[in-house]
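I opened this entry to look up two things.

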Amino acid sequence: MENQTIENANAADDNKIVNQDMVNSSSSLGTNIIVNHDFCGGLHSWHPNCCEGYVVSADSGHPQANSGGNYAVVTNRKECWQGLEQDITGRVSPGSTYLVSASVGVSGPLVGCVDVLATLKMECQGSETKYSLVGRSSVSNGKWEKLEGKFSLSTMPDKVVFYLEGPSPGIDLLIQSVVISCSNPKGRRHGNASDGDEDIVLNPKFEDGLTNWTGRGCKVVLHNSMGDGKIVPQSGKVFAAATERTQSWNGIQQDITGRVQRKLAYEATAVVRIFGNNVTSSDVRATLWVQSPNGREQYIGISNVQATDKDWAQLKGKFLLNGSPSKVVVYLEGPPAGTDILVNSFVVKHAQKVPPSSPPDIENPAFGVNIIENSNLSNGTNGWFPLGNCTLSVGTGSPHILPPMARDSLGAHEPLSGRFILVTKRTQTWMGPAQMIGDKLKLFLTYQVSAWVRIGAGATGPQNVNVALGVDNQWVNGGQAEVGDNRWHEIGGSFRIEKQPSKVMVYIQGPASGVDLMVAGLQIFPVDRQARFRYLKRQTEKIRKRDVVLKFSGLDWSSAYGSFVKIKQSQNSFPFGTCISRTNIDNEDFVDFFVKNFNWSVFGNELKWYWTEPQKGNFNYKDADEMVDLCKSHNIDMRGHCIYWEVVDTVQQWIRSLSQNDLATAVQSRVTDLLTRYKGKFRHYDVNNEMLHGSFYQDKLGKDIRANMFKMANQLDPSALLFVNDYHVEDGCDTRSAPEKYIEQILDFQLQGAPVGGIGIQGHIDSPVGPIVCSALDKLGILGLPIWFTELDVSSSNECVRADDLEVMLREAFANPSVEGIVLWGFWELFMSRENSHLVNAEGDINEAGKRYLELKQEWLSHAHGHIDEQGQFTFRGFHGTYSIEIATISKKVLKTFVVDKGDDSPFEVSIAL
């Protein structure tokens, strides 16, 4: 890990030097693509090739140091070809011409002149390495000469290295500066990401006809109008049509190889519509097809839009390439066969950086104040109205206390009135009591929802009751509860509004028509997160720290007593993990953040059955193997996600079509192949994902199959903890996965002998409220199994609010004794499953959410200092994990390390020999 840290620190410095070169070394021809071109950064980014090198400063007294600047000396050369080189792979592209200018010299036992050569080395997988002479200059002792040349690439090699060589062995090569710039005035710009105004897509508005465009499995034609003149361009004079499409992936495409750079974010914008085959509306997608030098193919979804045959629609999205591709094609696809895709324009440019969000300015948030009018019904039903043709009246006999989750947020509170709204004559599920609340809501403020609900007689089974909000006619979930008996039930939920609505209505709905609904004590109030955080910090001190007693030996009492002790924690042992994908690990900046800030990982797709065996007998473990190797090399533990996935839409077509016997055989083969291959490598497995939301295998193979999946996995790899894993367990917004349902499922598996080892809560949550999350954790905690957040992400368009959401979840989990690990569902923009959930922006800038994560990681490290007491001891209270200690005695300074293990409440004793 230390080597990796050094490597990536250098990579970060590369960026700084590149930017400096752009300012100081640009010319009218373009930016210098050479990093550290004048050796002001030493030999940074330069590499002596089988020889040695160093940099001489202007005042060093070296024979040629009066040149006025630094220069490199390449010495101990044993062959003519040995010299100084720099990898320029990511900074050149095919089709452009590059001009080379270098200031070079020589030093040593030389009579007359010697040639210095500029050479290009090009490596391609599966082919011989090629060398190309760029330029040469005749140089004599004690004089600087200019070496000039030029080169261009017809295709893009896997690796391009520029180097200087030539003098005889024993002669030192001197290099004062190197400039390589693109001579094409309209060519691709290199280096500075802000210089990204050039069009990546050529002929984006079809002004040159169909030049640079082709059909992807279909024909493309140009039109100035269609449909008897009803379809005309939105802008310009023409538009293109992808026609005679026989597959949904057919469309219009352009090869953009060499015009996009890795690790830069690009924005694609297209104006599209559809035509023909009686299809009036369809999804149109922009997709990137990428091929790597080793032949690996990748499809990257950029964006999609619901296009119609009535008008033009804009499609807009972003993408980023992690690796260095050999080929990149962008194309449009999506509508059913026989439907034309019409394109008026298709533009791809470097994405402009979005300035950081400012914290929302919320005046007088009035935390804990209920915004519902006449909530206690002291004034009849005033302020309420029936939604639909139902009847509202007031009854008595409801609970006088707040529901538990609201009580945890509000603390001491006056009793409820005992009155409730009775809703009768309901003829639709959506009918119930309603109230307009739009003028009372504040943007970006998180609101908690709480109510008691009950249903009347006549229901044929449990009924789903929902507190809902109509926000400009969009449904927002405020919480749900399943009600199936004659008791009052708590509903708890939350919401937040981030765009100014014109109207907001809250209403309670859900039971079947004809079933009466009762609602008492509805509360909607802003949540004071900081007050909750103060409580959680106290809880964290209790459950995540331990008293530590350091006992020193090896010195007499007089030497040890009073010695200064300085203790610093280097790592908290609590598992903090993240989701990664195979393409991510081609980006060294991603890897750097990953290995520095996480100690667990999970693979997004690469271990799932649809990835490892997309067609029967066609296996792909290469991606997972490479990810396992990376994690192992950095001592990062791994969760196996997942052996099976119960939701039918995620099951491959070839599996769906199997007979019952063949499916049973395939299920057995799947677990055997996977767990035999990776035995002992994955600490956890999610055995059958989302069993509260799907039932494919159970429907096909019977109820026992789920427990049997756990038993088979345990037999194959007894070392792995086997998890259930599901979503919306912790947020109160899905009755299918309420904690009570989860508990019932787990107990049922255990009765069948399934070795369930842990409870996975995915944690894809919006506007989280601590007491609601805590309530779910406490309920599940009674099972005594370790609880992990396995796929945690939060989402907000404002990164400061996103940071607050993330802090809510991390603090609630870390302060709960049942939670034993937290895994984020990614952290890098454009590689998340949800919009506005990333911690690091696409090009590597850490946003406010990322900074908050790092701040919490620092907060959860313990440090202490003081003096050894008269018993030869030093005591402190610290988090579990790894520590270093420095002891300064009268005679010496001693450095040691120790680990504080998780244990009971007794002090943890550490013996330290001095």
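I worked on a predicted model, where local features need pLDDT of at least 70, side-chain atom pairs count only at pLDDT 80 or more, and totals for chains, interfaces and linings use all residues. Residues are numbered from 1 along each chain as its sequence is written, and side-chain values use heavy atoms, with hydrogens and water left out.

**Strands.** I took helices (H or I, at least four residues) and strands (E, at least two) as DSSP runs, numbered from the N terminus. I looked at β34 (residues 600–603) and found W600 and V602 buried on one side, S601 and F603 buried on the other. Buried means under 20% relative accessible area, exposed over 50%, partly exposed in between (1.4 Å probe, protein chains only). Strands pair if DSSP finds at least two bridges between them. β33 (residues 576–580) pairs with β34 in the parallel sense over four bridges. C579 stands opposite V602. On the other pairing I checked, β34 and β35 (residues 637–645) are parallel over three bridges. There W600 has D637 as its bridge partner.

**Salt bridges.** I counted a side-chain nitrogen of Lys or Arg within 4 Å of a carboxyl oxygen of Asp or Glu. The whole structure gives 46. D805 and R496 come to 2.6 Å between closest N and O atoms. D805 is in helix α14 (residues 799–814) and R496 in the loop between β28 (489–495) and β29 (504–509), so this pair ties together parts 309 residues apart in sequence. I found both residues, D805 and R496, buried.
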